[in-house]
Amino acid sequence: MSAITRETVAHLAELARIEMKDDELSALASELEIIVESVKSVSDAVSDDIPATSHPLPLQNVFREDVVGETLTAEEALDGAPDAEDGKFKVPAILDEG
């Protein structure tokens, strides 16, 4: 894989219409090269005898079964509301509807 140069970063910045200073271009080229090398080292560690995984340890479902319990009626839920109208919570308007 070819090295990421300052000129490559400058070209990509121009295509993306991102204004960058000379020192920023040089720093980003250096940082991107480190990132590419890091990804390459991970890719090199992959072999056919190691299966692909999304997690290093097996996962198990920790959710409980849904159990229907006691619930409030609409009236009970609205009893503690500061304001209600037509069986619904009434709140101040936050969007201009005009």
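**Salt bridges and overall form of a predicted chain**

Q: Is Glu85 buried, partly exposed or exposed?
A: Glu85 is partly exposed, with a relative accessible area of 44%; buried means under 20% relative accessible area, exposed over 50%, and partly exposed in between, with a 1.4 Å probe and protein chains only.

Q: Before going on, what kind of model is this?
A: This is a predicted model, in which local features need pLDDT of at least 70 and side-chain atom pairs count only at pLDDT 80 or more, while totals for chains, interfaces and linings use all residues. Residues are numbered from 1 along each chain as its sequence is written, and side-chain values use heavy atoms, with hydrogens and water left out.

Q: OK, back to Glu85: which side chain does it meet in a salt bridge?
A: The side chain of Glu85 meets that of Lys90, at 3.2 Å from N to O, where a salt bridge is a side-chain nitrogen of Lys or Arg within 4 Å of a carboxyl oxygen of Asp or Glu. Lys90 counts as partly exposed, at 43% relative accessibility.

Q: How many salt bridges are there in the whole structure?
A: A search of the whole structure finds 2 salt bridges, and one of them joins the side chains of Asp22 and Arg6 at 2.6 Å, N to O. Asp22 lies in helix 2 and Arg6 in helix 1 (residues 6-15), so this pair ties together parts that are 16 residues apart in sequence. Helices (H or I, at least four residues) and strands (E, at least two) are DSSP runs, numbered from the N terminus.

Q: And how accessible are Asp22 and Arg6?
A: Asp22 counts as exposed at 52% relative accessibility, whereas Arg6 counts as partly exposed at 28%.

Q: Switching topic, what pattern does the chain follow along the sequence?
A: The chain follows the pattern α-α-α-β-β. Its radius of gyration is 29 Å, well over the 13 Å that the globule rule gives for 98 residues, so the chain is more spread out than a compact globule; the radius is taken over C-alpha atoms, and the rule is 2.2 Å times the number of residues to the power 0.38.

Q: What share of the residues is buried?
A: Buried residues make up 6% of the 98 residues in the chain.

Q: Last one: where is Gly87?
A: Gly87 sits in the loop between strand 1 (84-85) and strand 2 (88-89), and this glycine is exposed, with a relative accessible area of 57%. From C-alpha to C-alpha, Gly87 and Leu25 are 61 Å apart in space and 62 residues apart in sequence.
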